[in-house]
Amino acid sequence: MKIRSVLAAAMLLMALLTQAATPTTGKQRGAWKEASILLPTPKSYTLGKGYYHGKDTLIEMVDSIEGAYDYPLDGFENEAYRLDISKRRIYIRAVTPTGVIRARQTLAQLTDAYGRPPVVSITDWPAFKLRGLMHDAGRSFISIDELRHEIDLLSRFKLNVLHWHLTDNQGFRFESKRFPQLNADSSFTRFPGLYYTQEECRNLEAYAHERGVLIIPEIDMPGHSKAFERAMGFNMSSEPGREVLKVLLDELCTAFPLAPYIHIGADEAGTTAAFVNEMTAYLHQRGRHTVVWNPISGVNLSRENLPHVDMTSMWSTRGRKVAGMANIDLRYNYINHFDVFADLVGLYKSQVYYQSQGDAEVAGAMTAVWNDRKLPSERDIILQNNLWANALATVERCWKGGGTRYIEQGGTMLPNEGPEYDEFCDFERRLLWHKAHSLRHEPIPYVKQTNVRWRVGEQEVLATGAAIYLRHTWGSTVPSLLPDTQPGTTISAYTYIYSPFDQTAGALIEFQNYGRSENDLAPDLGQWDRKGSRIWFNDKELLPPKWLNSGRYINSETDLLNENLSVRPPLPVQLQKGWNKVLLHLPYQPAPGVRLNKWMFTFVLTDLDGRNALPDIIYSPDRLLE
């Protein structure tokens, strides 16, 4: 095995080849508790004494890393690495350059944690090879600067795929030199004239590649294609439509020369196996693998029926693993439907499609951001979808593997105690460290919730968390606290909060979380939601803010404003020294004008700007000072 000292060429390699939860082995000597803020955390480590003082950095490309797990997935290299840091030397062993990139990011996080790397030996590899973010730029244009920034963060936390949804009904945002009418203002209904040039695509792909991130570009066909129809005057399934699509696929392959996979969508609109086979066979002739959404309306998705499909993106409860090809789990990962707190618990606890580690048929999982509804800014997209907290939960589960149950069994409830609770507490601690440090410039609405306790319903069930689903968005499909409650029922929830002194705090309060993909009726003035939910603090009723969209339907082209707690200041409340009571009345009934009737509540105390949970208080419905 040849060792290359990082002098000139190897230092350049380290510069260009731009963290893993609880260790399974290793000697812990105090300070590692601080260092384990790494996300994701390493499979195993041995911690020594002292810190790296700096002299040599060595890289060795090896045939294997002992004990590491890997499986075949076209386009994805072995990512296993070993990182040994002594006081005088940093030594990286990896099977591929991608493994060097992952080691380099672990090294960067150790440096963030300590100021300089500790003496440590880490052996690490992912349980799932595909760990991604799907970002919908077809509906809402996302600037190249923002996408570059997202790629930096994806790489930092070992997410390795950006699925770039480039076209939709609102706009065709991939430049066509052959059919410029696709990019004309008249073909757009949202953000006209904003699209990506082929040069920008090529440059962004190169930028991502240097950081170990693979871009999967998507032109959705034949559905989600009204922008195409406005520009061309015919639909994609027609004979002229199919010929235009082949030209567009040629242009896409030229603009993304490094992409092993091209996504063609194919979902929802209704299509035929003949159409899918024509497009995927054409891409195979170009030397590209193909990805489709799963399910496809009107098409039996199987290796026999669609022989040129290589990978599927499973969405909704109907998306099921297809034998003989790779599948990505996005079934419950559409964070545009998520709340800030409870759904993050469900996402973190859940296995990846019933498995603890990946294989040739379960490649991994993605966090998906669908911009069906227009939000006021790019920042709102990140903030209201709690993007980075959700993405880190996804990547940790994918890298670490495990999880005791799939979300269809485990739901979104945080256990009151036990191993699942302890594991989430550790994840939360590290997430909040990153929020305060490496992600301090990102809009992350999540605050500590693992210390919040409630008594709920007639049986006074003990529940833990800042947000509690009494019945989930997806009904009985995702277990919740009171799934069998019948409409027309009103229940109460309460807790007591101990404060060591009189103080003013902020309260994050929410009942109906407004999804970013729904055309719903906003609350009326003076009402928290459309079900009549109410809240009292120390026997004084807390009234909602003035809703900026009060009483109007917030359709897809109406900006979602202060309806969600993540975009409004917390409500000031006065805590008295000693015990303070929070009481909620929660009617379960139809909410007129709201499609997804989320029966839930959110309450947590923060500082006055809402960024951090209020310290040094105790939530105890039983008034226990423990």
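Glu-417 counts as exposed in this predicted model, because its relative accessibility of 66% is over the 50% cut-off. The residue sits in the loop between α12 (407-410) and α13 (419-436). Its C-alpha atom is separated by 23 Å from that of Leu-39, and the two residues are 378 apart along the chain. Lys-177 is likewise exposed, with a relative accessible area of 56%. Its place is the loop between β10 (171-172) and α5. The C-alpha atoms of Lys-177 and Thr-197 are 9.1 Å apart, with a sequence separation of 20 residues.

Overall dimensions come next. The protein contains 13 helices and 29 strands. Its radius of gyration is 25 Å, close to the 25 Å given by the globule rule for 626 residues, so the protein is as compact as a globular protein of that length. The C-alpha trace spans about 70 × 65 × 40 Å along its principal axes. Of the 626 residues, 62% are buried. The accessible surface amounts to about 23000 Å². Carbon and sulfur atoms account for 50% of that surface.

The largest pocket holds about 580 Å³ of space. It is lined by 26 residues, and those closest to its centre are Glu-268, Trp-315, Tyr-334, Asn-336 and His-337. The lining comprises seven nonpolar, 10 polar and nine charged residues. The second largest pocket has a volume of about 450 Å³. Its lining consists of 22 residues, with Thr-98, His-209, Gly-212, Val-213 and Leu-214 nearest the centre. At least two lining residues come from each of α3 (97-114), α5 (198-210) and β11 (214-221). By class, this lining has 11 nonpolar, five polar and six charged residues.

The largest cavity has a volume of about 110 Å³. Fourteen residues line this cavity, and Asp-329, Asn-333, Leu-347, Ser-350 and Gln-351 lie nearest its centre. Both α9 (342-349) and α11 (387-400) supply at least two residues of the lining. The largest share, three residues, comes from α11. Seven of the lining residues are nonpolar, five are polar and two are charged.

Backbone geometry shows two cis peptide bonds. One joins Leu-39 and Pro-40, with omega about -15 degrees. Pro-40 lies in the loop between α2 (32-35) and β2 (44-51). Another joins Met-221 and Pro-222, with omega about -5 degrees. Pro-222 belongs to the loop between β11 and α6 (226-232). Strand β11 also supplies residues to the lining of the second largest pocket.

Positive phi values occur in a hairpin. Strands β17 (residues 453-456) and β18 (residues 461-464) run antiparallel and are joined by four bridges. Trp-454 stands opposite Ala-463 in β18. Four residues lie between the strands of this hairpin. Among them, Gly-457 takes a positive phi near 80 degrees. Glu-460 is also found in the loop between β17 and β18. Its phi is positive, about 50 degrees, although Glu-460 is not a glycine. Glu-460 counts as partly exposed, at 37% relative accessibility.

Asn-538 provides a further case. Its phi is near 50 degrees, a positive value in a residue other than glycine. The residue lies in the loop between β23 (534-537) and β24 (540-541). Asn-538 counts as partly exposed, because its relative accessibility of 24% falls between the 20% and 50% cut-offs.

Terms used: Residues numbered from 1 in each chain as written. Predicted model: local features only at pLDDT ≥ 70, side-chain atom pairs only at ≥ 80, totals over all residues. Heavy atoms only, no water. Pairing = 2+ DSSP bridges. 1 Å grid on protein atoms, 1.4 Å probe; cavity = no way out; pocket = protein on both sides within 12 Å on 5 of 7 lines; lining within 4 Å. Points joined across faces, edges and corners; volume = space filled by probe spheres on them. Nonpolar A, V, L, I, M, F, W, Y, C, P; charged D, E, K, R; others polar. Rg over C-alpha atoms; globule rule 2.2 N^0.38 Å. Buried < 20%, exposed > 50% of the residue type's maximum accessible area, 1.4 Å probe, protein only. Areas by Shrake-Rupley, 256 points an atom, 1.4 Å probe, with all protein chains shown as cover.
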